Amino acid sequence: MISYFNRAVLTVLVMILVITGCFAQSGSKENKQVRFNKQTLTTDFVSEGVAIGDVNRDGKTDVIAGAFWFEAPHWKKHEIAQPEKYVVGVGYSNSFLNFSMDVNQDGWIDQVRIDWPGKAAVWHENPKNKPGHWKLHPIHANLGNEAPLFVDINGDGRKDILGNDPEKKQIIWLQSPQLKGDTEWKLHVIAQGDDMPGTHVYTHGLGFSDINGDGRKDVLISKGWWEGPADPNQSNWIFHPIDISQDCAQMYVMDLNKDGLADVISSSAHQYGIWWHEQQKNAEGNIGFRHHLIDSSFSQSHSLLLTDINGDGHPDLITGKRYFAHNGGDPGAHDPAFLYWFEYKPGKTPQWVKHEVDNNSGSGLNLVVEDINDDKLPDIIVSNKKGVYVFLQKK
């Protein structure tokens, strides 16, 4: 029979073991190392944009880049369109950004392809496993901005395209087809004018989020923001000129220092720098921004994504070098093509911990972070002048 004293000692020992185990488990989660397995789909320069989707409806997620789609899990290459030969350091492709959606709602994933800034935006119709190239459909003849966004503007659950029309000096969004079988994208003009900011063909920087806290999503550029109206279909959104960022890629909005005000994250398209821009308000309620550097160790971070990589509930930054963005003419162009994720540590003074994913791939003009092999871990998919790569996160 165990005495009262011995039972008490045993109870204390059990509690110590339980507490120690909890701390050890907590520590293992906190210190979990995120690692990736690099898979090379091609080292050819085929596209600077990338998308994903189950192209052949076999239950596996495939990769779409330019004139090709790569069949999972062994990444067999198939043609979407007649491929062209692109030479690194000499020219550019006709595939700057890629997105995917079932455009005509026939149950098959299609490709949305954005050409050189100012040229056409088009979509390629999935042939439903039939042989041959995908049927080409126009979206808009002149789509500008170097980082057009694929976002749901009107809240109907379907992605739209946000950018500009440099020919007509307009800030626009293109509403995706609403009815099954429809192929037409409807044009909406947010603002226009000969001196309208953000309408230059090579405008750098674009975001879509609520910056003023009124519950409506706004359109951001580096030099200001258009205030989202109650009805996003209406024209003549109010523009608020302000210095938000240097020329940049995609722009994201989040209250980073937990002061109740939405801040902005951006990255340099052709120079050095990744920043967060702290929103501040004066006595009159006018918005301003104080700029904070996150990193300046590599250049040409021409694509940026904000999502949770390590599963801690906090969104992280994923970006990399757009290798030879200007064919070797940018600062640091010949440095290694790094791909990084920056771990966000929230607080009054937010911190960012840099983690290297790879040093010979980089990123293009848009990248994808999604779980593509159904293991509940987000993976990274990139395409640029270095080729097309999948980084599968290891368990």
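H124 stands opposite L136 in strand β9, in a model that is predicted. The strand names come from DSSP: strands are E runs of at least two residues and helices are H or I runs of at least four, numbered from the N terminus. β8 (residues 121–125) and β9 pair in the antiparallel sense over five bridges, where pairing takes at least two DSSP bridges between two strands. These two belong to an open sheet of four strands, in the order β6-β7-β8-β9, with antiparallel pairing. β6 and β9 (135–140) sit at the edges, each pairing on one side only. From one strand to the next the twist averages 25°; for such angles, axes are lines fitted to C-alpha atoms (for helices over the stretch in contact), and the values run from 0 to 180 degrees between N-to-C directions.

Residue numbers start from 1 along each chain as its sequence is written, and side-chain values use heavy atoms, with hydrogens and water left out. Since the model is a predicted one, local features need pLDDT of at least 70 and side-chain atom pairs count only at pLDDT 80 or more, while totals for chains, interfaces and linings use all residues.

Another open sheet of four strands runs in the order β10-β11-β12-β13, again with antiparallel pairing. Its edge strands are β10 (144–151) and β13 (186–192), each of which pairs on one side only. Neighbours in this sheet are turned by 20° against each other on average, direction ignored. Six bridges link β12 (residues 170–175) to β13 in the antiparallel sense, and the bridge partner of L174 in β13 is L187.

Then there is the question of empty space. Rolling a probe the size of a water molecule over the atoms shows where such space is left. On a 1 Å grid over the protein atoms alone, a cavity is a set of points where a 1.4 Å probe fits but cannot get out, whereas a pocket is an open set with protein on both sides within 12 Å along at least five of seven lines; lining residues have an atom within 4 Å of a point. The largest pocket holds about 860 Å³, a volume being the space filled by probe spheres set on grid points, which are joined across faces, edges and corners. Its lining counts 32 residues, with F150, V151, K159, Y252 and L305 nearest the centre. Elements giving two or more residues to this lining include β2 (51–53), β10, β14 (206–209) and β22 (304–307). The top contributor is β6, with five residues. By class, the lining has 20 nonpolar, eight polar and four charged residues (nonpolar: Ala, Val, Leu, Ile, Met, Phe, Trp, Tyr, Cys and Pro; charged: Asp, Glu, Lys and Arg; polar: the others, Gly among them).

Buried here means under 20% relative accessible area, exposed means over 50%, and partly exposed is in between (1.4 Å probe, protein chains only). D379, I381 and S383 point one way from β27, while I380, V382 and N384 point the other way. β27 pairs with β26 in the antiparallel sense over three bridges, and V369 has I380 as its bridge partner. Five bridges also join β27 to β28 (residues 387–393), which run antiparallel, with I380 opposite F391. The hairpin between β27 and β28 passes through two residues.

S266, in strand β19 (residues 263–267), is buried at 0% relative accessible area, and its side chain makes a polar contact with that of H277 at 2.7 Å. A polar contact is a pair of N or O atoms within 3.5 Å; within protein, one must be able to donate a hydrogen and the other to accept it, and residues adjacent in sequence count only if both atoms are side-chain atoms. S93, in the loop between β5 (76–79) and β6, counts as buried at 5%; a polar atom of its side chain lies 3.1 Å from the backbone nitrogen of S95.

The peptide bond from A72 to P73 is cis, with omega near 5°. F324 has a positive phi near 55° without being a glycine, and F324 is buried at 10%. K376, likewise not a glycine, has a positive phi of about 70°, but K376 is exposed, at 74%.
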